[in-house]
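Thanks for taking a look at this one with me.

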Amino acid sequence: MKATVFALALLWAGALCAQTPTAAPPNAAAHLDKLATLLDLTDAQKAQVQAVLEAEHAKIRAAHEQAKASGTKPDWEQMKALHQQIQQETLQKLTPVLSEAQLKKFQTLQELHHEMMH
């Protein structure tokens with residue numbers, strides 16, 4: 001009897017674990033809303049930051065697609081240098097948009113994101 005109850009409990013627990021939905025990746029709008037809250041952006045700043053970040057993502061995507069289309073795989077150092085260059089360009093574009101405090105927070109968030117991803 002105990003073995004049967006134990007087996008049923010294991011099956012039930014397994015079924016619950018199997019049905020637990022995975023969290024959907026956050027979409028760009030939700031990410032921008034969180035960033036706007038963390039940086040305390042005005043509506044005008046939010047629109048400008050969105051445009052800069054979309055341009056950054058487009059550059060990164062284009063670089064990856066170009067590398068894929070060429071059939072040669074860039075090495076890790078090349079990709080790292082490209083990402084750093086694009087991040088520097090993004091910071092330069094955001095400098096006139098954000099206050100000094102907001103820019104510092106943005107850089108901190110960017111570093112934290114980079115650490116979490118690697």
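How many nonpolar, polar and charged residues does the lining of the largest cavity have?

1. The lining of the largest cavity has three nonpolar, one polar and four charged residues. Here Ala, Val, Leu, Ile, Met, Phe, Trp, Tyr, Cys and Pro count as nonpolar, Asp, Glu, Lys and Arg as charged, and the others, Gly among them, as polar. Please keep in mind that this is a predicted model, in which local features need pLDDT of at least 70 and side-chain atom pairs count only at pLDDT 80 or more, while totals for chains, interfaces and linings use all residues. Residues are numbered from 1 along each chain as its sequence is written, and side-chain values use heavy atoms, with hydrogens and water left out.

2. Let us stay with that cavity. A search of the whole structure finds one cavity of 30 Å³ or more, and the volume of the largest cavity is about 50 Å³. Its lining is made by Val52, Ala55, Glu56, Lys59, Ile86, Glu89, Thr90 and Lys93. H3 and H4 are the elements that give two or more residues to this lining. (On a 1 Å grid over the protein atoms alone, a cavity is a set of points where a 1.4 Å probe fits but cannot get out, and a pocket is an open set with protein on both sides within 12 Å along at least five of seven lines; lining residues have an atom within 4 Å of a point. Grid points are joined across faces, edges and corners, and a volume is the space filled by probe spheres set on the points.)

3. Next, the largest pocket, with a volume of about 1300 Å³. Its lining has 29 residues, and those nearest the centre are Gln87, Gln110, His113, His114 and Met117. Helices H2 (28-39), H3 (43-70), H4 (76-94) and H5 (100-117) each supply at least two residues of the lining; helices are DSSP runs of H or I with at least four residues, numbered from the N terminus. H5 gives the most, with 10 residues. By class, the lining divides into 13 nonpolar, 11 polar and five charged residues.

4. The second largest pocket holds about 230 Å³ of space. It is lined by 11 residues, with Ala28, Ala29, His31, Leu32 and His57 the closest to its centre. Both H2 and H3 give two or more residues to this lining, and the largest share, five residues, comes from H2. Six of the lining residues are nonpolar, four polar and one charged.

5. Gln87, Leu91 and Leu94 in H4 meet Leu103, Phe106, Gln107 and Gln110 in H5. This contact has four nonpolar and three polar residues, and no charged ones.

6. How do H2 and H5 lie, roughly parallel or oblique to each other? Their angle is about 130 degrees and their axes are 10 Å apart, and H2 and H5 are therefore oblique to each other. On the H2 side are Leu35, Leu38 and Leu39, which meet Gln102, Lys105, Phe106 and Leu109 in H5. Five of the residues in this contact are nonpolar, one is polar and one is charged.

7. Leaving aside its neighbours within four places in sequence, leucine 38 is in contact (heavy atoms within 4.5 Å) with Lys105 and Leu109. Leucine 38 and leucine 109 lie 71 residues apart in sequence, with their C-alpha atoms 9.2 Å apart in space.

Conventions. Axes are lines fitted to C-alpha atoms, for helices over the stretch in contact, and angles run from 0 to 180 degrees between N-to-C directions. Angles under 35 degrees count as roughly parallel, over 145 as roughly antiparallel, 65 to 115 as roughly perpendicular and the rest as oblique.
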